[in-house]
Amino acid sequence: MQLLAQVLVNGVLLGGLYALMALGLALVWGVLNIVNLAHGALIMLGAYVGYYLFTLLDVDPFIALPIAMVVLFCVGYLLQAGILNLIARAAMFNTLLITFGIDVVLTQLAQMLFSADYRTINPGYAGANFMLFGITLPWVRVLAFAVALLLTLAMWLFLLHTRLGRGIRATAQNLGAARLYGVSPKRIYALTFGIGAALAGGAGDLYGVVSQINPYIGATLTAKSFAIAIIGGLESPLGVVVGGIFLGIVESLTALYIGPTFVDVASFGILVLVLIFRPNGLLGSTT
Amino acid sequence: MSGNLLEVQGLFAGYGEVPVLRDVHIAVGRGEIVALVGSNGAGKTTLLRALSRVLSGTGKLTFEGRDLSCLTPEQVFKLGIVQVPEGRQLFDQMTVLENLMMGAFARRDRKAIQETLASVYELFPKLYERRTQRAGSLSGGEQQMCAIGRALMAMPRLLMVDEMSLGLAPVIVDQLLEVLSTIRKQGVTVLLVEQDVFAALEVADRGYVMETGTVTQSGTAQALSEDPEVKRAYLGI
């Protein structure tokens, strides 16, 4: 019982971070209709920003988080303004090809610049735990979980209650009508992609604290984010949180009861089941 | 004629190689309601698209004496030429209030936006009642109110209303036409594009009849609605 509770808590903590990872992907997908295959590579870059700020300048990873987000926002904005706007609203296949190309370039660049070595962001408090009802809670994971949820909430409030957030949603719902009222789609697209990349950057920084990083983590993280976006649905950030936590729990349980090598089988198996039975996501409307 | 708000002279426009509009001349004076009528496929919507520069064409387009032909759609919008598109084109998943606020997206003057919002609610009390409801859940008439309200939020100088009556009950159409008269009294010029010829001519000062891409008749609304040619073509009398 104790073990099960511990595993469930681990799963939830991991799931919060997963949700933040998937949030940027879901946002870009919903607004731009681009499944960004380079999303994981952006997470990877965010992780390296956090890593180098910590090792070279001794910046605490939780303080480095906003910096990683700003850096990645710029990367994302420039990618969209410079490259992806050329294929805005093009067929899905074109966008897949281009974002796959960006993924390859970013991954190779990272390998050349940062080497293929495994790294981890390891602040002094990395091993510190506290106990609650007999369950061990590592501080960094709890903090990462809290920050991930806060960022998700902030994102949601931004979309709902600001002028730009409204513009982003309007563009997603009816591009033609948005243009009639002075919305410049290219600017909105660049901004949205920048925000998606910033969320990836923040997630990457947190990921570097709780896990190991190397230039190749991107592909797996893209796939996980994709699965979470599908499971949660693209309709609201709440769905992404549910999807992320759901996946975190499934992975933790699978690792314990079936074996760590089956984690991906379970998560992608569930992806397939969701696509068959609830194609609009766990929280999505059934119609 | 230089006192006109909008002037179109010798406009040719179309899609690809096929010209839809051939040598169109129209003028809209300040504070007028001008009806642009004609059956489906006459080129009315194409003319609106050419005016808002979504579609390029050749000919002279001026707004307050300013040449429109070198402007982008965004710049035309900023001059105050605002469309209420055919089929309303609301943001269905967003609330009525959010739809209205999208009309003011390009404006940064918060206080003045609130004042415009208040005047839109005054014009359409229904929209105030329904302000937190999703636009997609409104009735057709309310959706059209929301679309007009959204355009008014942009503080138009020239409001171009495309097929407002489409799919609406006559009694609702009459209400909306009355609102357009009120809007005109508040200083907004209206270009009303309609298939429902006689409804449009009821509120308009002047009218143009379009057929197959060109203006075939023009005159005061009263003269047009009494014209035997127009009656035969659009009422079957």
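1. Two helices of chain A, H1 (2-32) and H5 (139-161), each give at least two residues to the lining of the largest cavity. Helices here are DSSP runs (H or I, at least four residues), strands likewise (E, at least two), numbered from the N terminus. Please keep in mind that this is a predicted model, in which local features need pLDDT of at least 70 and side-chain atom pairs count only at pLDDT 80 or more, while totals for chains, interfaces and linings use all residues. Residues are numbered from 1 along each chain as its sequence is written, chains are lettered from A and ligands numbered from 1 in the order in which they are written, and side-chain values use heavy atoms, with hydrogens and water left out.

2. The structure holds one cavity of 30 Å³ or more, and the volume of the largest cavity is about 40 Å³. On a 1 Å grid over the protein atoms alone, a cavity is a set of points where a 1.4 Å probe fits but cannot get out; a pocket is an open set with protein on both sides within 12 Å along at least five of seven lines, and lining residues have an atom within 4 Å of a point. Volume means the space filled by probe spheres set on the points, which are joined across faces, edges and corners.

3. Around the largest cavity you will find Leu13(A), Leu14(A), Leu17(A), Arg141(A), Ala144(A), Phe145(A) and Val210(A). Six of these lining residues are nonpolar, none is polar and one is charged.

4. Now the largest pocket, with a volume of about 770 Å³. It has 25 lining residues, and those closest to its centre are Arg169(A), Gln173(A), Leu234(A), Glu235(A) and Ser236(A). Two or more lining residues come from each of H1, H5, H6 and helix H10 (237-257) of chain A, with H1(A) giving the largest share, five residues. By class, the pocket lining has 14 nonpolar, seven polar and four charged residues.

5. Between the chains, the axes of helix H6 (residues 163-173) of chain A and helix H3 (residues 96-103) of chain B come within 10 Å and cross at roughly 100°. H6(A) is therefore roughly perpendicular to H3(B) (65 to 115 degrees counts as such). In contact (heavy atoms within 4.5 Å) are Arg166(A), Gly167(A), Arg169(A) and Ala170(A) from H6(A), with Glu98(B), Met101(B) and Met102(B) from H3(B).

6. Lastly, chain B has 10 helices and 10 strands. Its C-alpha atoms fill a box of roughly 45 × 45 × 35 Å, taken along the principal axes.

Conventions. Nonpolar A, V, L, I, M, F, W, Y, C, P; charged D, E, K, R; others polar. Axes fitted to C-alpha atoms, helices over the stretch in contact; angles between N-to-C directions. Parallel < 35°, antiparallel > 145°, perpendicular 65-115°, else oblique.
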